[in-house]
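Please look through the structure below with an eye to its charged side chains. The paragraphs that follow take them pair by pair.

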Amino acid sequence: MADFLNLAGKRALVTGGTQGAGAATVDLLRELGAHVLTTARSRPETLAADGFVAADLSTAEGCKAVADAVQGTLGGVDIVVHMVGGSSAPGGGHAALGDVEWQRELDLNLFPAVRLDRVLVPQMVAQGHGVVVHVTSIQRVLPLPDATTAYAAAKAALSAYSKSLSKEVSPKGVRVVRVSPGWIETEASVRLAERLAAEKGTDYEGGKEIIMQSLGGIPIGRPSKPDEVANLIAFLVSDRAATITGTEYTIDGGTVPTV
Ligand SMILES: NC(=O)c1ccc[n+]([C@@H]2O[C@H](COP(=O)([O-])OP(=O)(O)OC[C@H]3O[C@@H](n4cnc5c(N)ncnc54)[C@H](OP(=O)(O)O)[C@@H]3O)[C@@H](O)[C@H]2O)c1
């Protein structure tokens, strides 16, 4: 069906949009007609300067710069996709995670959404419509020990915050949804699988198998592609999803083993 999804004229902010699922989401929303502003700490040479703002979203100043750029560049916003997130915590279990590591995970996985929403959601409420997508992780329900304990807890906090926000603003016309990915085969994941493969003397598929085993297996047999995550987000931000709010969509190939 032609134009099943049409975002023509919509103004969208996608954070963390230069790599992985963020880059795929920026490309797809633009293809569907949206005016997209994206952000990361640095702009790849391949990405046009137009529609990009450089900022560190783990800081209050960086969030303010992005919120200002939304107003200056887009003149308001209809769609916000909070994609930025990740973990750089060291391995070694919970005892290796000091206050600095915990704060870093919260600063990257919780506070960018909280700070940007505090500025942008009231604008959506004032115009009577808008969609906010918080990208969480299956680790909020399937936390892995070792390095990602604080990341999992930060994503759980993001989920609780998202649900609360949805209750407040859905009656005012603003939808708030969560997308919870399992393993995504991003550029960084490819590098990890290649490194594991080299360590174990196997090939790339063998490296992927090691990662899948660490997750307890993926029933569909492979990770999601970044553009498959983007497809889900594009549907959720479109008018096709007009009554979807306050809920979470998992895209994990069946990884989470429980109902
Ligand atoms: N990959 C997975 O397997 C997976 C699984 C579950 C959930 N997720 C979630 O899905 C989302 C996307 O993950 P991804 O793996 O696709 O991302 P990714 O490939 O690691 O890309 C991260 C993006 O965020 C930007 N970024 C990182 N730190 C930033 C900061 N402090 N301020 C501003 N921008 C920053 C990066 O650009 P710069 O480095 O230039 O700043 C880049 O554009 C994240 O929320 C992640 O937690 C991912």
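A residue is called buried when its relative accessible area is under 20%, exposed when that area is over 50%, and partly exposed in between, using a 1.4 Å probe and protein chains only. By this scale arginine 195, with a relative accessible area of 46%, is partly exposed, whereas glutamate 199, at 54% relative accessibility, counts as exposed.

The model is a predicted one, in which local features need pLDDT of at least 70 and side-chain atom pairs count only at pLDDT 80 or more, while totals for chains, interfaces and linings use all residues. Residues are numbered from 1 along each chain as its sequence is written, and side-chain values use heavy atoms, with hydrogens and water left out.

The side chains of arginine 195 and glutamate 199 meet in a salt bridge at 3.1 Å, N to O, a term that means a side-chain nitrogen of Lys or Arg within 4 Å of a carboxyl oxygen of Asp or Glu. Both residues lie in helix H6 (residues 187–200), four residues apart, about one turn of the helix; helices (H or I, at least four residues) and strands (E, at least two) are DSSP runs, numbered from the N terminus.

In helix H2 (residues 60–74), aspartate 68 and lysine 64 are separated by about one helical turn because they are four residues apart, and their side chains form a salt bridge of 2.7 Å, N to O.

Aspartate 239 and lysine 10 also meet in a salt bridge, at 3.7 Å, N to O. This pair links distant parts of the chain, 229 residues apart.
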